[in-house]
Amino acid sequence: METKLLRIAEVAKSDPKMQFTSLAHLLDKQSLVQCHIELPNKKATGINGTTKEQYSDNLKENIEDLVRRLKSKSYRPVPVRRMYIPKLNSKKKRPLGIPEHEDKIVQKGVTKILNSIYEIDFLDCSFGFRPNRSCHDALKILNFYIEKRSVNYVVDVDIKGFFDNVDHKWMMEFLKLRIADPNLLRIIGRFLKGGYMEEGKKYKTDNGTPQGGVISPVLANVYLHYVLDLWFEKSVKKQCEGQAYLVRYADDYVCCFQFKNEAQEFFQSLKLRLKKFNLEIAEDKTKIIPFGRLAEKLGKHQGNGKPETFDFLGFTHYCGKSKQGKFRVKRKSSRKKVQSKVKESKEWLKKNRNNNIHIIMDRFKRSLIGYFNYYCITDNIPNVNIFKVKIENLVFKWLNRRSQRKSFKWEKFRLFLDKFPLPSPRIKVNIYDLRKEISYIM
């Protein structure tokens with residue numbers, strides 16, 4: 001399948017208007033077995049509760065039956081299991097759809113096909129859920145635009161409930177621009193219309209792509225590629241006299257402008273653009289702020305003090321200065337993200353404080369390593385150190401509540417940390433290292 005996908009990518013690159021008429025046959029026995037192998041172990045199960053391990057027990061028979069149903073057009077996805085996870089610093093919860101393992105296999109195969117076509121089409125401003133692109137790459141490019149280009153205003157935009165409001169008709173129209181295989185389109189359409197189960201009752205889905213599905217990220221990228229990326233590149237930028245840039249990661253994006261009036265015009269036209277495709281802006285989370293080299297001077301002139309900040313991909317961006325006194329964009333961990341992580345750690349410790357001490361400390365060691373890998377970027381080490389201290393304080397507090405008698409005083413706790421050391425933060429990502437990203441900004 002990999003060789004065929006490479007060939008599809010070559011054809012897609014050579015002819016940007018090419019429509020692919022035969023793709024569903026790629027979902028054969030060999031490719032679906034490979035998709036099964038690539039899916040992660042020990043993940044949440046769908047409504048039937050089938051795990052990867054259970055599916056593997058009769059893998060040959062299961063895959064052969066799946067291929068037969070795909071060929072006979074009788075394959076229908078099982079409704080996803082609806083579950084909810086808490087939103088950051090909110091009493092509201094975010095819905096997730098957990099598909100059955102067999103449906104994950106088919107979604108994985110379809111995702112590979114879609115990526116082979118659309119990875120050629122997607123613009124450089126898009127970074128979310130794409131091969132060899134990460135959040136850190138998006139942060140590097142945004143930093144470059146603000147520091148090195150003529151950016152004076154930032155439009156920080158949030159789409160209200162994007163994954164819940166994707167219009168199925170528009171999605172299928174967008175896919176038909178590149179895909180003319182009715183069999184593959186039928187499979188994707190059935191995933192979109194598959195519905196979900198909650199408390200034993202089935203609900204229809206007329207809009208949206210369920211977060212949690214393997215196929216959701218690439219469908220979201222396809223939708224926003226046509227709704228936002230191409231529109232910004234072909235229409236918005238051409239109408240601007242000054243410079244304008246877009247950086248998007250999934251449905252989270254930031255737009256940069258040289259002139260205030262063009263930023264305001266974009267904001268108003270964006271509302272109309274999104275409305276056309278049944279999306280809307282979250283007004284309370286969207287703002288236009290002065291940001292860049294001239295923002296601080298402008299703020300002082302108007303008596304507003306320091307420029308405002310904005311959050312993007314878990315970091316609060318603010319205007320600062322280098323050691324030489326020159327303008328610099330600096331970042332620190334978003335307070336909401338830190339508070340959420342501290343709260344999560346507190347709840348875990350509260351429930352598990354009586355576990356074996358080795359299990360507790362190993363859990364926090366792994367948790368901190370993951371946290372450091374993401375948040376230890378240029379300028380943010382002091383804030384990461386503060387987070388580590390908060391975690392140590394939580395461990396000290398809850399280990400002292402394992403019994404009525406306190407286990408530690410601070411002197412003894414320091415000796416304990418010498419025996420069970422937690423990792424120390426150091427810079428993992430240099431925001432100014434653009435060797436990989438240089439092709440995006442040429």
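Helices (H or I, at least four residues) and strands (E, at least two) are DSSP runs, numbered from the N terminus. This is a predicted model, in which local features need pLDDT of at least 70, side-chain atom pairs count only at pLDDT 80 or more, and totals for chains, interfaces and linings use all residues. Residues are numbered from 1 along each chain as its sequence is written, and side-chain values use heavy atoms, with hydrogens and water left out.

**Second largest pocket**

- The second largest pocket holds about 350 Å³ of space. On a 1 Å grid over the protein atoms alone, a pocket is an open set of points with protein on both sides within 12 Å along at least five of seven lines. Its volume is the space filled by probe spheres set on the points, which are joined across faces, edges and corners.
- The lining of this pocket counts 30 residues; a lining residue has an atom within 4 Å of a point. Arg82, Thr205, Gly208, Thr209 and Pro210 lie nearest the centre.
- Strands E1 (80-86) and E2 (93-98) each supply at least two lining residues. So do helices H5 (101-121), H7 (162-165), H9 (182-192) and H10 (216-239).
- E2 provides the largest share, three residues.
- By class, the lining has 14 nonpolar, eleven polar and five charged residues. Ala, Val, Leu, Ile, Met, Phe, Trp, Tyr, Cys and Pro count as nonpolar, Asp, Glu, Lys and Arg as charged, and the others, Gly among them, as polar.

**Largest cavity**

- One cavity of 30 Å³ or more turns up in a search of the whole structure. A cavity is a set of grid points where a 1.4 Å probe fits but cannot get out.
- H9 gives the most, four residues.
- Three of the lining residues are nonpolar, one is polar and three are charged.

**H2 against H5**

- Helix H2 (residues 29-38) packs on H5 at about 110°, with the axes 9 Å apart. Axes are lines fitted to C-alpha atoms, for helices over the stretch in contact, and angles run from 0 to 180 degrees between N-to-C directions.
- H2 and H5 are therefore roughly perpendicular. Angles of 65 to 115 degrees count as roughly perpendicular, under 35 as roughly parallel, over 145 as roughly antiparallel and the rest as oblique.
- Leu32, Gln34, Cys35, His36 and Glu38 of H2 meet His101, Ile105, Val106, Lys108, Gly109 and Lys112 of H5. Contact means heavy atoms within 4.5 Å.
- This H2-H5 contact has four nonpolar, four polar and three charged residues.

- Helix H13 (residues 335-352) packs on helix H15 (residues 381-399) at about 20°, with axes 10 Å apart. The two are therefore roughly parallel.
- H13 passes H15 in a right-handed crossing: the near helix is turned clockwise from the far one by less than a right angle.
- Val338, Lys341, Val342, Ser345, Lys346, Leu349 and Lys350 of H13 meet Phe387, Lys390, Ile391, Leu394, Val395 and Trp398 of H15. Eight of the residues in this contact are nonpolar, one is polar and four are charged.
- Helix H14 (residues 357-375) packs on H15 at about 165°, with axes 11 Å apart. H14 and H15 are therefore roughly antiparallel.
- The H14-H15 contact divides into 13 nonpolar, no polar and one charged residue.
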